[in-house]
Amino acid sequence: MAFYDKQVWGDFLVLGVFIWIAYYDVKFHLIRNVDLLLLFVVQSFFYIENFLNALVAVLVYTALNFIAKGKIGSGDVKLSFLCAAPLSSVNEILNSISITWIIGDRKSTRLNSSHVSESRMPSSA
């Protein structure tokens, strides 16, 4: 791996955009289309050959969104395409979706089981 390798710099650039999207999503609970467009443009220079495989991720997330009755945000469905673009095979994409779904489900189950529901209004109101 050379320090001047175009792919290495491309990977760092893509990682930087992913970090920005994650930061913005955590802070504002929003994945902006302009950020997704920027990521798409950057990735098109480095992973264009994988975009057809990445469509599998969109199809899977669209199906999961249908099953979950629309509880997955549209930004997340769009982001699934861009997250899958660096992966070079459908098998890698399906494995990553499975792992992400399991980790996300365990996290939400753990958070929901330990969360005590409190109302915002006092009961005397």
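Student: Where is the place of Pro-86?

Tutor: This is a predicted model. Helix 5 covers residues 90-114. Pro-86 sits in the loop between helix 4 and helix 5.

Student: Is Pro-86 buried, partly exposed or exposed?

Tutor: Buried means under 20% relative accessible area and exposed means over 50%. Pro-86 has a relative accessibility of 31%. That value puts Pro-86 in the class partly exposed.

Student: Which residues is Pro-86 in contact with, leaving aside its neighbours within four places in sequence?

Tutor: Pro-86 and Gln-43 are 43 residues apart in sequence, yet their C-alpha atoms are 8.0 Å apart in space. With sequence neighbours within four places left aside, the contacts of Pro-86 are Gln-43, Tyr-47 and Asn-50.

Student: Where is Gln-43, and is Gln-43 buried or exposed?

Tutor: Gln-43 belongs to helix 2. The cut-off for buried is under 20% relative accessible area. Gln-43 has 0% relative accessibility, so Gln-43 counts as buried.

Student: Which residues does Gln-43 touch, not counting residues up to four places away in sequence?

Tutor: One of them is Leu-82, which is 39 residues from Gln-43 in sequence and 7.8 Å from Gln-43 in space, C-alpha to C-alpha. Not counting residues up to four places away, Gln-43 touches Val-14, Phe-18, Ile-48, Phe-51, Leu-82, Ala-85 and Pro-86.

Student: What span does helix 2 reach from its first C-alpha to its last?

Tutor: Helix 2 runs over residues 33-46 and has 14 residues. At 1.5 Å a residue, the expected span is 20 Å. The span in the model is close to that, at 20 Å.

Student: Within what arc do the buried residues of helix 2 fall?

Tutor: The buried residues of helix 2 are Asp-35, Leu-36, Leu-39, Val-42, Gln-43 and Phe-46. An α-helix has 3.6 residues a turn, so residues three or four places apart point the same way. Seen down the axis of helix 2, the buried residues line one face, because they fall within an arc of 130°.

Student: Which exposed residues are on the face of helix 2 turned away from its buried side, and which helices do the buried residues pack against?

Tutor: The face turned away from the buried side carries the exposed residues Val-34, Leu-37 and Phe-45. The buried residues of helix 2 pack against helix 1 (6-28), helix 3 (51-67) and helix 4 (74-84).

Student: Asp-35 lies in helix 2. Which residues is Asp-35 in contact with, leaving aside its neighbours within four places in sequence?

Tutor: Asp-35 has a relative accessible area of 6%, so Asp-35 is buried. With neighbours within four places in sequence left aside, Asp-35 is in contact with Val-17, Trp-20 and Ile-21.

Student: How many aromatic pairs are in the whole structure, and what is the pair of Trp-20 and Tyr-23 called?

Tutor: A search of the whole structure finds 7 aromatic pairs. The ring centres of Trp-20 and Tyr-23 are 5.6 Å apart. Their planes are at 35°, so this pair is tilted.

Student: What pattern does the protein chain follow along the sequence?

Tutor: The protein chain has 5 helices and 0 strands. Read along the sequence, the pattern is α-α-α-α-α.

Note on methods
Residues numbered from 1 in each chain as written. Predicted model: local features only at pLDDT ≥ 70, side-chain atom pairs only at ≥ 80, totals over all residues. Heavy atoms only, no water. Helix = DSSP H or I, 4+ residues; strand = E, 2+ residues; numbered from the N terminus. Expected span 1.5 Å × (residues − 1). Buried < 20%, exposed > 50% of the residue type's maximum accessible area, 1.4 Å probe, protein only. Arc of directions from axis to C-beta. Contact = heavy atoms within 4.5 Å. Phe/Tyr/Trp six-rings, centres within 6.5 Å; stacked < 30°, edge-to-face > 60°.
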